[in-house]
Amino acid sequence: MAVAKLSKRVADALEAPEKGERWVWDTEAKGLGLKVTPGGRKVFFLKYRSGSRVTRKYTIGPYGALTVDQARAEAQRLRGEVAGGTDPARERARGKAAPTVSEALRAFLDAHKGKWKPRTHAEYTRQASRHIIPAIGTIRVADVTRADIGTFVRRFEKRPILGNRVLALLSSLFTWAIRSGFRSDDLNPCRHIPRYAEKHRTRFLSADEITRLGTALEAAEEGTWADQEGKPMPPAPWQSVTAIRLLLLTGCRRSEILDLRWAEVDFEMGMLHLRDTKAGESARPMSDAVRQVLESLPRGASNERVLPGSGGRRHEIKPVWTEVRRLARLDGVRLHDLRHTVASRSQHAGHSLLITGSLLGHKNLTTTKKYAHLVPEPVQEAADRVAGEIEALLSGRVTPVVSLGSKRGRRRA
């Protein structure tokens with residue numbers, strides 16, 4: 001950044017930087033600056049403070065279309081408007097008919113369609129159409145205030161987690177809108193809006209509950225179960241029963257099991273090389289129990305998925321899970337709680353957080369991944385021990401006598 005009396009000679013001599021921007025500020029007209037981009041484009045700006053004491057930069061015009069004298073005269077005129085209480089940047093933004101929140105959201109979602117995972121894009125689209133657009137969709141992006149956002153967020157008092165997710169989406173929207181020139185004040189109205197406190201639920205199955213789940217899965221698999229009214233039901237799809245077993249034996253997320261491809265299963269190395277997880281690519285150890293389940297599955301030449309659905313789509317396991325959960329008397333237990341169960345069994349077995357994090361493929365445990373890569377044996381041993389214990393409970397080979405937390409009191413059946 002340099003200071004000089006702007007002239008044609010100075011402007012012509014201003015060289016483009018390799019990266020970033022290069023500025024020269026005029027000594028004659030206060031706030032007048034000339035910027036040159038790496039591409040060589042030169043533009044006049046006026047820097048000033050508005051009535052709210054916010055520093056703004058107002059684009060006067062490109063050098064070439066405007067001479068230095070014309071830019072200096074325009075800068076002086078604009079400073080006169082500022083002194084009279086007018087904010088030129090805000091007036092320009094309004095004059096351009098800035099898009100509404102609804103219009104900006106659609107453009108924002110379209111711009112990120114190829115950058116986000118499909119499920120993420122679908123969820124953000126759902127949040128926008130269901131919550132944001134009906135409430136503030138007609139307000140222009142340039143006019144949304146912090147008070148508007150605060151009023152909007154208060155409607156989520158009874159749904160704090162959803163409120164935080166929607167607020168995060170809005171904050172990203174306004175950051176994008178500022179960069180796109182739809183707001184002239186460079187202020188994100190979501191800034192300083194307090195987030196709700198979240199109570200994270202941690203539910204895991206006890207030894208007795210795992211055994212009851214195993215009994216229910218056997219009944220579903222063999223067709224020896226009944227609905228709530230006592231009417232016999234046919235055997236559940238093998239994909240559903242297998243998916244539930246694998247979720248509890250691996251600690252994987254539901255999408256990781258339902259989207260698992262045979263190409264990701266490495267029997268030789270005893271690993272699952274997951275290509276698309278919440279944390280990106282992830283390698284998980286394959287326990288002996290998981291290996292036995294996978295080796296027993298049918299594998300057609302055309303089936304890419306380990307658990308194929310109809311028409312090439314992902315298999316849906318929620319209907320079977322609802323019935324199995326009822327049969328096992330596990331009211332309120334979610335499929336994700338099976339992942340928590342693996343973590344709790346690992347900790348109960350005395351494994352470190354390092355090992356447990358490696359089993360689950362946690363996103364932010366960089367150190368865990370590094371040590372797991374260097375010494376895979378303890379992780380493999382942990383996978384075998386945890387999955388083996390769970391598999392024994394599922395099959396009824398171990399009869400739980402006391403609740404999880406006691407190291408004694410289990411007997412072999």
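**Exercises on charged side chains**

At 30% relative accessibility, Glu123 counts as partly exposed. The model examined in these exercises is predicted.

**Exercise 1.** Determine which residue forms a salt bridge with Glu123, and where the two partners lie.

*Solution.* 
Step 1. The partner of Glu123 is Arg126, and the closest N and O atoms of the pair are 2.7 Å apart.
Step 2. Helix α5 (residues 118-136) holds both Glu123 and Arg126, which are three residues apart, or about one turn of the helix.
Step 3. With a relative accessible area of 27%, Arg126 is partly exposed.

**Exercise 2.** Decide whether Asp259 and Arg305 are buried or exposed, and describe the contact between their side chains.

*Solution.* 
Step 1. Buried means under 20% relative accessible area.
Step 2. Asp259 has a relative accessible area of 18% and is therefore buried. Arg305, at 14%, is likewise buried.
Step 3. The side chains of Arg305 and Asp259 meet in a salt bridge of 3.3 Å, N to O.
Step 4. Arg305 belongs to the loop between α11 (288-295) and α12 (318-327), while Asp259 belongs to the loop between α10 (254-258) and β8 (265-266), so the pair ties together parts that are 46 residues apart in sequence.

**Exercise 3.** Identify the salt bridge that Asp259 forms with Arg314, and name the network to which these residues belong.

*Solution.* 
Step 1. In the salt bridge between Asp259 and Arg314, the closest N and O atoms are 2.7 Å apart.
Step 2. This pair links distant parts of the chain: Asp259 lies in the loop between α10 and β8, and Arg314 in the loop between α11 and α12, 55 residues apart.
Step 3. Arg314 counts as partly exposed, at 33% relative accessibility.
Step 4. Through salt bridges that share partners, Arg119, Asp259, Arg305 and Arg314 are joined into one network.
Step 5. For the whole structure, a search finds 20 salt bridges.

**Exercise 4.** State which residues gather in a patch of positive charge on the surface, and locate Lys47.

*Solution.* 
Step 1. The patch of positive charge on the surface consists of Lys47, Arg49, Arg53 and Lys57.
Step 2. Lys47 is situated in strand β4 (residues 42-49).
Step 3. The relative accessibility of Lys47 is 35%, so this residue counts as partly exposed. The value also meets the requirement for patches, whose residues have over 30% relative accessible area and no salt bridge.

Note on methods:
Residues numbered from 1 in each chain as written. Predicted model: local features only at pLDDT ≥ 70, side-chain atom pairs only at ≥ 80, totals over all residues. Heavy atoms only, no water. Patch = residues over 30% accessible without salt bridge, like charges linked within 9 Å, V, L, I, M, F, W, Y side chains within 5 Å. Areas by Shrake-Rupley, 256 points an atom, 1.4 Å probe, with all protein chains shown as cover. Salt bridge = Lys/Arg side-chain N within 4 Å of Asp/Glu carboxyl O. Lys, Arg positive; Asp, Glu negative; His and termini not counted. Charge placed at Lys NZ, Arg CZ, Asp CG, Glu CD. Helix = DSSP H or I, 4+ residues; strand = E, 2+ residues; numbered from the N terminus. Buried < 20%, exposed > 50% of the residue type's maximum accessible area, 1.4 Å probe, protein only.
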